[in-house]
Amino acid sequence: MPPLIAIVAHTDTTRSGHYALTIPTAYIDAIEQTGGLPHILPYTANLELLPRLTQGVDGFIFPGGFDLDPSFFHETPVPQLGRVDRDLDIHQLAVFDLALKMKVPILGICRGAQVINVALGGSLYQDINTQADPPVLTHMQPELHFGTDHSVDLVPGSRLHRLFGAKTMVNSRHHQSVKTPGQGLDVTARSSDGIIEALEHQNLPIDLIQWHPELMLKTDRAMAPLFDAFLEKCRR
C-alpha cells in the first residue's frame, strides 16, 4: 500500500463570505506522482478530533499559505504583516504536536516550514524586506509561475546536500522567513543574500523547505528526489 500522507488544509473566505477549506492541487499531484496517497486533513476547532482524523497517517505535509500570527513567537505585528488566521494557527500547531507524538515524517513547505519552526521555539522575520538585512533577491514574485527564481547553497552533510549537491535552483514566493531556528533545527540552505531557505531536525524526520517544490514539479522532475526521500521515510 502507498503511504498515506496528510496534507494539512488551510482556510479561506469565499466570495459569498463563507469560511472554507483550501489546498492547492499541486500538493496532491506531487504526492501522487511520487507514489503516495494524499489525504486532506481538514481544519477543525475541535482539537479532540485530531487523533481520529489522523488515524493511519504515515506522514504529514504542512503546506504554504498566508502569514503566521506573530504573537506565537512573542512579537507584535509590523505594518507589512499580511493576512493571518489565528484559529488556523492554533489548529496547525496542534496538528504538529500530534504528528510529533506519532513519530512520523513531517515536511514543512513555505508557511508550513515557518509554523513548524515557531512550534519548536524559533522566530520569524515578519517581513524580510524591512526586518532582515536588505535582500538582494526578489523573494516574493508578482505572479504565480512554475519555473525557478534563484539558487540556494546547501550545507555539506545535510539531507538536502545528499539529494541535490552543493547548489540547486528554487522558486521563491515568500515575504517572511525563519529568523531564529527552533530547538533541534539546523539550517541546511541559504540564498545568496543570506535568507534561510531550509532546515532539518537533528534527530527527527522533520524537513523544512522555504520554496515550493510542488510547483516546480509542474514543469520538470528536479524536485522529485525531495518527495521521493520523504515518501521513502514514510514507508518505514
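Start with strand β11, residues 185-191: it runs antiparallel to β12, and five bridges join the two. Strands here are DSSP runs (E, at least two residues), numbered from the N terminus. Two strands pair if DSSP finds at least two bridges between them.

Before going on, a note on the source: this is a predicted model, where local features need pLDDT of at least 70, side-chain atom pairs count only at pLDDT 80 or more, and totals for chains, interfaces and linings use all residues. Residues are numbered from 1 along each chain as its sequence is written, and side-chain values use heavy atoms, with hydrogens and water left out.

Back to the strands. Arg 190 has Ile 196 of β12 as its bridge partner. Four residues lie between the strands of this hairpin, and Gly 194 there takes a positive phi near 95°.

Now β12 itself, residues 196-201. Six of its six residues are buried, meaning under 20% relative accessible area (1.4 Å probe, protein chains only).

Next comes β13. Three bridges join it to β12, again antiparallel. Ala 198 pairs with Ile 209 in β13. This hairpin has four residues between its strands.

Which strand holds Asp 207? It is β13, residues 206-209. Asp 207 is buried, at 11% relative accessible area. Its side chain makes a polar contact of 2.6 Å with that of Lys 233.

Definitions and conventions: Buried means under 20% relative accessible area, exposed over 50%, partly exposed in between (1.4 Å probe, protein chains only). A polar contact is a pair of N or O atoms within 3.5 Å; within protein, one must be able to donate a hydrogen and the other to accept it, and residues adjacent in sequence count only if both atoms are side-chain atoms.
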